Amino acid sequence: DLGSVKYQAWLERPLVLVADESTQTIVQTCLFERRNFYDENATALYFSNIGGASLAMYLDFGLRHDAIDHHLLDMLCSNVSVCLDNVVLTSRMHNLAFFDPLTGLANRLQLLQTLHDTLHSPKKDDSALALIDIDHFAETNDALGHQFGDFLLCSVGKRLRSHFGDNCQIARIGNDIFAILGHEDLVSPNLILSLFQQAFIADHQNVQLSATLGLIKFSDYEHSSSEALKDANIALKRAKLHNRSAYCYFTRDMGVEIRERVRMMHALRAAFEGERLFVVYQPQIDMRSGKTVGAEALLRWRTEEGNFVPPDQFIPIAEYSGLIVNIGEWVLRSACFELMQLREAGYLEFQIAVNVSQAQFSHPQFMHSLERALKDSRIPPHCLELEITESMAMTDPEMLISMLQKIKGMGVRISIDDFGTGFSSLSQLQKLNVDKLKIDRAFVSEISSVDSEASIARMIVQLSQSLNLAVIAEGVETKEQAEALLTFGCQFAQGFLYAKPKTKTELRAWLKG
């Protein structure tokens with residue numbers, strides 16, 4: 001019976017708890033020789049590999065028994081060692097599974113479990129979740145090093161825990177994203193943001209940080225914990241989109257919008273892979289002679305049910321998801337090969353214009369894909385026209401100027417689409433070295449009803465003439481608009497007055513007719 005036995009325990013480097021020299025000798029011998037030690041008046045039992053260390057138990061009485069008893073004690077100590085090590089291992093596994101090893105805070109899995117419990121308890125009605133994204137942390141990490149970034153994250157975690165730890169669940173759920181779950185009065189955006197007004201200490205340096213928050217209240221929330229975390233992240237992205245160092249609460253409309261966007265994104269990807277996207281061509285007309293001089297390539301999407309999805313709905317989704325890069329390259333190649341076939345049919349002066357998005361234009365492989373399309377289709381580069389938006393010229397003018405110089409060097413023509421809507425400066429326009437301006441349909445549609453708007457179209461035509469640029473109007477639907485544009489000096493147009501967008505088969509038949 002060891003219930004009343006006094007004992008002392010030491011690790012590999014024993015901490016001497018008693019002054020008795022003989023006791024120290026017995027324990028040290030046990031640890032050094034890694035075995036049970038039996039003496040006439042004392043015993044030391046050895047337990048190995050407990051969390052990577054060794055432990056000795058000192059008994060203040062002797063256990064001088066026969067070899068069988070010693071063997072049984074050895075087996076007992078071995079089994080106890082395994083059990084204790086399993087306890088340590090289980091504890092470590094639990095910590096790794098539910099806690100962030102850097103900050104010691106709860107991790108994503110632990111937060112989800114606590115969130116699940118909250119959503120299924122009376123606390124749900126007055127609880128809220130906040131996601132905290134440290135602004136520009138990646139830049140700080142890259143500039144000052146990952147070790148410094150780790151110090152900074154620990155400092156942020158420490159401050160959050162000191163203010164909320166006793167009353168809220170604090171977690172680190174991403175590289176630089178923290179979460180706070182608790183009563184909605186405590187999970188206050190103003191309170192959280194106020195914690196970032198004072199500098200953080202990292203590696204003995206003061207660092208000023210700011211944060212952006214996405215929050216969600218659960219009073220009438222009906223989804224699961226994983227959905228709640230996603231919705232809080234939606235609010236966070238919305239806050240970052242509008243203004244950093246601010247916050248945004250999740251709303252139902254926001255959730256419907258983002259889920260519809262995701263649904264359409266997956267449907268668009270499937271449509272592209274399933275070849276349900278196709279290109280149509282809207283003829284461009286010389287209004288003076290009535291001759292067709294070219295066409296604009298336009299992307300269309302027909303669903304499996306035979307319905308058409310408007311381009312203004314799916315093009316932004318393609319740009320948002322990055323699909324526009326692959327789709328845009330496919331449209332460019334399709335247009336080039338259609339132009340090749342039209343030239344073989346005898347339309348040697350025909351030109352095709354292709355819209356290029358900013359994401360596609362700035363992609364590292366764009367120039368290569370353009371060169372390959374021209375080489376594979378064997379069309380004269382001057383018969384291809386790339387349309388860029390005016391807003392692209394405002395975003396990164398230096399990059400655009402460099403790219404346009406390379407494209408112009410290849411012989412490809414450039415036009416600015418929707419001109420007059422982006423408010424670019426004339427100095428930028430002169431630097432771009434483009435070939436054509438396209439008058440936005442908004443200015444064309446107002447020609448017949450508002451004289452003041454008609455003057456904008458006239459001014460664009462006059463501007464193009466002063467800069468020695470060609471000009472074309474889009475969205476021309478009435479003879480009155482066409483006649484006014486001719487009066488202004490605009491020679492080229494496209495719109496329903498002349499022709500609707502046509503498939504390549506329809507286009508060839510229309511050209512022959």
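This is a predicted model: local features need pLDDT of at least 70, side-chain atom pairs count only at pLDDT 80 or more; totals for chains, interfaces and linings use all residues.
**Overall content**

The chain contains 19 helices and 19 strands. Of its 513 residues, 44% are buried. Among contacts between residues at least 6 apart in sequence, those joining residues at least 24 apart account for 64%.

**Helix packing**

| Helix pair | Axis distance | Crossing angle |
|---|---|---|
| α3 (residues 108-119) and α7 (residues 225-242) | within 8 Å | roughly 110° |
| α8 (residues 252-273) and α9 (residues 311-321) | within 10 Å | roughly 85° |
| α9 and α10 (residues 323-344) | 5 Å | about 115° |

The axes of α3 and α7 cross at roughly 110°, which means that α3 is roughly perpendicular to α7. The crossing of α3 and α7 is right-handed. On the α3 side, the contact is formed by Arg108, Leu111, Leu112, Leu115, His116 and Leu119, and on the α7 side by Ser225, Ser226, Ala228 and Leu229. Sorted by class, the contact of α3 with α7 has six nonpolar, three polar and one charged residues.

For α8 and α9, the angle is roughly 85°, and α8 is therefore roughly perpendicular to α9. Helix α8 contributes Ile258, Arg261, Met264, Met265 and Leu268, which meet Gln313, Phe314, Ile317, Ala318, Tyr320 and Ser321 of α9. Eight residues of the contact of α8 with α9 are nonpolar, two are polar and one is charged.

Helix α9 also packs against α10, at an angle of about 115°. Here Ala318, Glu319 and Ser321 of α9 touch Leu323, Ile324 and Ile327 of α10. The contact of α9 with α10 comprises four nonpolar, one polar and one charged residues. Ala318 and Ser321 of α9 take part in the contact with α8 and also in the contact with α10.

Arg172 belongs to strand β6 (residues 169-172). The relative accessible area of Arg172 is 14%, so this arginine counts as buried, the cut-off being under 20%. A polar atom of the Arg172 side chain lies 3.3 Å from the backbone oxygen of Gly174. Setting aside neighbours within four places in sequence, Arg172 is in contact with Asp100, Leu102, Thr103, Leu105, Ala106, Asn107, Arg108, Leu153, Ile177 and Phe178. Of these, Arg108 is also one of the α3 residues in the contact with α7.

Leu213 is placed in strand β10 (residues 211-217). Leu213 is buried, with a relative accessible area of 0%. Beyond neighbours within four places in sequence, the contacts of Leu213 include Leu131, Ile132, Pro189, Leu193, Ala246, Tyr247 and Cys248. Ala235, Leu236 and Ala239 are also in contact with Leu213.

**Two loop residues with positive phi**

Most residues other than glycine have a negative phi. Glu275 is not a glycine, yet its phi is positive, at about 60°. Glu275 sits in the loop between α8 and β12 (277-286) and is exposed, with a relative accessible area of 71%.

Asn433, likewise not a glycine, has a positive phi of about 55°. Asn433 is found in the loop between α15 (426-432) and β17 (436-439). With a relative accessible area of 46%, Asn433 is partly exposed.

Technical notes:
Residues are numbered from 1 along each chain as its sequence is written. Side-chain values use heavy atoms; hydrogens and water are left out. Axes are lines fitted to C-alpha atoms, for helices over the stretch in contact, and angles run from 0 to 180 degrees between N-to-C directions. Helices (H or I, at least four residues) and strands (E, at least two) are DSSP runs, numbered from the N terminus. Angles under 35 degrees count as roughly parallel, over 145 as roughly antiparallel, 65 to 115 as roughly perpendicular and the rest as oblique. A crossing is left-handed if the near helix is turned anticlockwise from the far one by less than a right angle, and right-handed if clockwise. Contact means heavy atoms within 4.5 Å. Ala, Val, Leu, Ile, Met, Phe, Trp, Tyr, Cys and Pro count as nonpolar, Asp, Glu, Lys and Arg as charged, and the others, Gly among them, as polar. Buried means under 20% relative accessible area, exposed over 50%, partly exposed in between (1.4 Å probe, protein chains only). A polar contact is a pair of N or O atoms within 3.5 Å; within protein, one must be able to donate a hydrogen and the other to accept it, and residues adjacent in sequence count only if both atoms are side-chain atoms.
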